[in-house]
Amino acid sequence: MGATLEIRNLHARVEGKEEPILRGVNLTINQGEVHALMGPNGSGKSTLANVLMGNPAYEVTDGEIYFDGENLLELEPDERSRMGVFLAFQYPVAIPGITLANFLRHAINARLKAIDPDSKGISIPDFRRLMKEKMDKLHMDHSFAGRYLNDGFSGGEKKRAEILQMAVLEPKLAVLDETDSGLDIDALRIVSEGVNTLRGPELGVLVITHYQRILNYIKPQYVHVMYGGQIVESGGADLALRLEEQGYDWVREKYSAVAE
Ligand code: ADP
Ligand code: MG
């Protein structure tokens, strides 16, 4: 069976605004599947990612989210993370003074302590081995882990740091919300290669993107189009190609009633 994500009739709004942004989202992602979520700017894609992670700025007004049989909406963000939900942020924050390696060791130890309050955390040699294994797998230079987290990182390096976090934390579901405007071809390649290296029967992936081009590198089995806070079209890779060729105008025309 594996850890399935089930989103049913999800309605959500942002704090301080009456108007809902998400207006009945339905989506099921099984462990091992790669899904792409596309849609014009402002359609609600990032809002969905934020709601999945439990960002308190967003309020769920209707519907439900189940992950691995648990009601995700009742869990705090750190509990969701421990269950295996990973969100790569669209705008990662810089933490000067904390190296990437330190950050990751804290994250691992927090998990171990959540399972066993008496846990002493991962030993330094074990942690070194783990980092080496993951960085080799991703063809990353070992010096990278000694850098301060996102401090002065280029767009590509931020993406690399996210992918390394994902490799170390071994999520069951990864949600990647991309800055479509900011991602140069280098960063795109890094994210794609990382995801392709990590994808497999244990990992479900939701790639959120405005443009089709990342899907040339990460081949999704399923493509969904969000418009007006709903998933209005679902299909295979051919749907992404249609959007590449024809843009979103036909979506806007066909579903103009949805956005009202
Ligand atoms: P997308 O990621 O598809 O471009 P978003 O989820 O970012 O769309 O935004 C959907 C709509 O919700 C937009 O109209 C946006 O302005 C609004 N919105 C999202 N987050 C906020 C927020 N924190 N404050 C105010 N408006 C927001
Ligand atoms: Mg967005």
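Trainee: Ground rules before we start?
Mentor: This is a predicted model, where local features need pLDDT of at least 70, side-chain atom pairs count only at pLDDT 80 or more, and totals for chains, interfaces and linings use all residues. Residues are numbered from 1 along each chain as its sequence is written, chains are lettered from A and ligands numbered from 1 in the order in which they are written, and side-chain values use heavy atoms, with hydrogens and water left out.

Trainee: Which residues surround ligand 1?
Mentor: The shell holds Val14, Lys17, Ile21, Pro40, Asn41, Gly42, Ser43, Gly44, Lys45, Ser46, Thr47 and Tyr58. A residue is near the ligand if one of its heavy atoms lies within 4 Å of it.

Trainee: How does that shell divide into nonpolar, polar and charged?
Mentor: 4 nonpolar, 6 polar and 2 charged. Nonpolar covers Ala, Val, Leu, Ile, Met, Phe, Trp, Tyr, Cys and Pro; charged covers Asp, Glu, Lys and Arg; the others, Gly among them, are polar.

Trainee: Which helix gives the most to the shell?
Mentor: Helix H1, residues 45-53, with 3 residues. Helices (H or I, at least four residues) and strands (E, at least two) are DSSP runs, numbered from the N terminus.

Trainee: What sits close to the ligand's oxygen atoms?
Mentor: A backbone N or O atom of Gly44 is 3.1 Å from one ligand oxygen atom. For Ser46, a backbone N or O atom is 2.9 Å from an oxygen of ligand 1. Lys45 uses its side chain: an N or O atom there is 2.8 Å from a ligand oxygen.

Trainee: And how much of ligand 1 does the protein cover?
Mentor: 61% of the 550 Å² of accessible area that the ligand has on its own. Areas come from the Shrake-Rupley method with a 1.4 Å probe; for residues, only the protein chains shown count as cover.

Trainee: Back to Ser43. Buried or exposed?
Mentor: Buried, because its relative accessibility is 3%. Buried means under 20% relative accessible area, exposed over 50%, partly exposed in between (1.4 Å probe, protein chains only). Ser43 lies in the loop between strand E3 (34-38) and H1.

Trainee: What does Ser43 touch?
Mentor: Leaving out residues up to four places away in sequence, Met226, Tyr227, Gly228 and Gly229. Contact means heavy atoms within 4.5 Å.

Trainee: New topic. How many residues of H5 are buried?
Mentor: 11 of its 15, so the helix is mostly covered. Among them are Gly156, Lys159, Glu162 and Leu169.

Trainee: What covers them?
Mentor: The cover includes strand E6 (85-88), helix H3 (100-115), helix H4 (124-137), strand E8 (148-149), strand E9 (173-177) and helix H6 (185-198).

Trainee: How far does H5 reach?
Mentor: H5 (residues 155-169) reaches 21 Å from first C-alpha to last, close to the 21 Å expected at 1.5 Å a residue. The expected span is 1.5 Å times one less than the number of residues. Glu170 follows H5, with a positive phi near 45°.

Trainee: Which other residues have positive phi?
Mentor: Asn9 is one, near 50°. Asn9 lies in strand E1 (residues 5-14) and is partly exposed at 35%. Asp68 has about 55°, although not a glycine. Asp68 sits in the loop between strand E4 (58-67) and strand E5 (70-71).

Trainee: Last one: what is Thr61 in contact with?
Mentor: His11, Ala12 and Arg13, leaving aside neighbours within four places in sequence. Thr61 is in strand E4 and is partly exposed at 40%. The C-alpha atoms of Thr61 and Ser119 are separated by 38 Å.

Key:
Polar contact = N/O pair within 3.5 Å; in protein donor to acceptor, adjacent residues only side chain to side chain.
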